[in-house]
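Reader: I am new to this structure. Please show me how to read it.

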Amino acid sequence: MSNPQENSNLELNDGAKIAVLGGGPAGSFFSIFALKLAKQIGKNIDLTIYENRSFSAEGPSSCNMCAGVISESLVQMLAIEGICLKPPIVQRAIDTYCFQTIDGDVFLNSPSKQKGIATVYRGGGPVSQATTDADKGPESKRKSFDDFLLDCAEKEGAKIENVRIENIKLKNGRPVLFSKKGELPEVDLVVGACGINTKTIKAFEELGTGYTSPSTIKAYQSEIHIGEENVSALFGNAVFVYLINQPGVKFAAITPKGSYVTISMLGKDVTKQTVMDFLNHPIVKNKFPDSWNITESFCRCIPKINVGAARRPFADRIVMIGDTCSARLYKDGIGSAYLTAKAAANTAILYGIGKEDFLKRYYPTCKRIDRDNFFGKIMFAFTGIINHTPILREALLNTSRYEQKNPELGYRCSTILWDMFTGNEQYTDIFLRAFNLKLFVRILVNIFNAIFIRFMKLWR
Ligand SMILES: Cc1cc2nc3c(=O)[nH]c(=O)nc-3n(C[C@H](O)[C@H](O)[C@H](O)COP(=O)(O)OP(=O)(O)OC[C@H]3O[C@@H](n4cnc5c(N)ncnc54)[C@H](O)[C@@H]3O)c2cc1C
């Protein structure tokens, strides 16, 4: 399979040992694909995943802290791989996104008319006050997405060690892992899938291979309990995106789950008070049950989110995947974990484990994500301008509403918003679709309308 003239002479031989550091989505995907591929070509590999969390307990310490929205494209790709997402892993199937602004809202339905987006918990779910399964009700049956993926990896033959890796060093050019008990057995390849919410990432930087971790910003996640009936009646199968100009907030969304809603907020110095202010905003408060009082205590976490690319995410016998290398800007991080894990597994099993192999066969996948994020940054900058400009905000809202009422004219503006906020399509495609004369005219007409209405109000 590998051509020695093109690749390094570092290969995984029969019986080779792989250590995967981290059992989040990237680590599990890598393990599933590497083991499947090795089986297909008749190669025997010995793969161990080191994961210090147990994803079945409640609360942030057992959770990989994210909104848990699995994009439609990833749900489909996983189904093709034989990884089918169903309840009790799926908490709710999403078919609608609602864009809520201070000038009103617009509901966008899935262009495929399917409930193709899944919401999941990344751990055992929020900390609940209930102590028995009967008190927890349907929540007692929930299963973590990350636990499910680890099970899939184990079924393919991965060994799972509930161990925290304390350090990584190079010894005679080979990476060596250390746990609290000391040095672990020698391996042929180390896969860095530890995410960005751990100090372990520094240990990779200190190896001196040129690896620099990606830039990050902090996000604020809160799980609010309102009961399953209220979630169904008030939020249904829709994710609510709020463009309400709250100071210091770049992005706020509410994702419905079983009997909880997840509030995800991005911005500068978002704190618990910012979340309380958000919940107290009349537009947001309106969405919650009349009798509901904003609780002071709720399950919350402040994870980092990847907003930049890592430098040199590979070396001889080391490859960094998932959040430790490249992730799609603000959206579908689990989708990028899938892409990078698959590309790394293909390279390691089919071509080699030297830095030239990863540079040639794996790095292009990371670069594609990074290039796409460049267009994502432009699109989100536009969204920021629109959010802060009442006339533009109103024009965009009215353009989308008009399209929803007149589907025969095509959903140009609506699909751009849908694909951007669901993470369903590449930013480059969305960016190119935005350069459309008909769309431009439609928005321009609505801008003139908004100016005209304001002018008439002043004149009266
Ligand atoms: C607020 C927020 C909301 C998000 N919402 C979404 C969303 O809705 N949809 C989406 O697709 N993406 C979302 N993301 C992004 C998504 O969470 C990440 O892109 C994804 O989890 C990356 O997967 P990973 O496996 O690379 O890393 P992680 O999920 O971080 O997994 C890393 C694993 O490594 C383990 N680990 C770390 N250090 C060690 C060690 N020393 N020893 C042993 N184990 C270790 C950790 O316990 C963890 O299980 C969101 C991110 C944030 C911050």
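**The ligand and its surroundings**

Author: Each of α1 (25–40), β13, β18 and α9 (333–351) supplies at least two residues of the shell around the ligand. Helices (H or I, at least four residues) and strands (E, at least two) are DSSP runs, numbered from the N terminus. This is a predicted model: local features need pLDDT of at least 70, side-chain atom pairs count only at pLDDT 80 or more, and totals for chains, interfaces and linings use all residues. Residues are numbered from 1 along each chain as its sequence is written, and side-chain values use heavy atoms, with hydrogens and water left out.

Reader: How many residues surround the ligand?

Author: A residue is near a molecule if one of its heavy atoms lies within 4 Å of it. Here 36 residues surround the ligand, and the closest are Glu51, Val69, Ile165, Thr200 and Asp323.

Reader: Which backbone atom lies 2.8 Å from a nitrogen atom of the ligand?

Author: A polar contact is a pair of N or O atoms within 3.5 Å. The atom in question is a backbone N or O of Ile165. The protein buries 94% of the 1000 Å² that the ligand exposes when taken alone; such areas come from the Shrake-Rupley method with a 1.4 Å probe.

Reader: Which strand does β13 join through seven bridges?

Author: Two strands pair if DSSP finds at least two bridges between them. Strand β16 (residues 260–267) is the antiparallel partner there, with Glu223 opposite Thr262 in β16. Three bridges also join β13 (residues 216–225) to β18 (residues 304–306), again antiparallel, and Thr216 stands opposite Asn306.

Notes:
A polar contact is a pair of N or O atoms within 3.5 Å; within protein, one must be able to donate a hydrogen and the other to accept it, and residues adjacent in sequence count only if both atoms are side-chain atoms.
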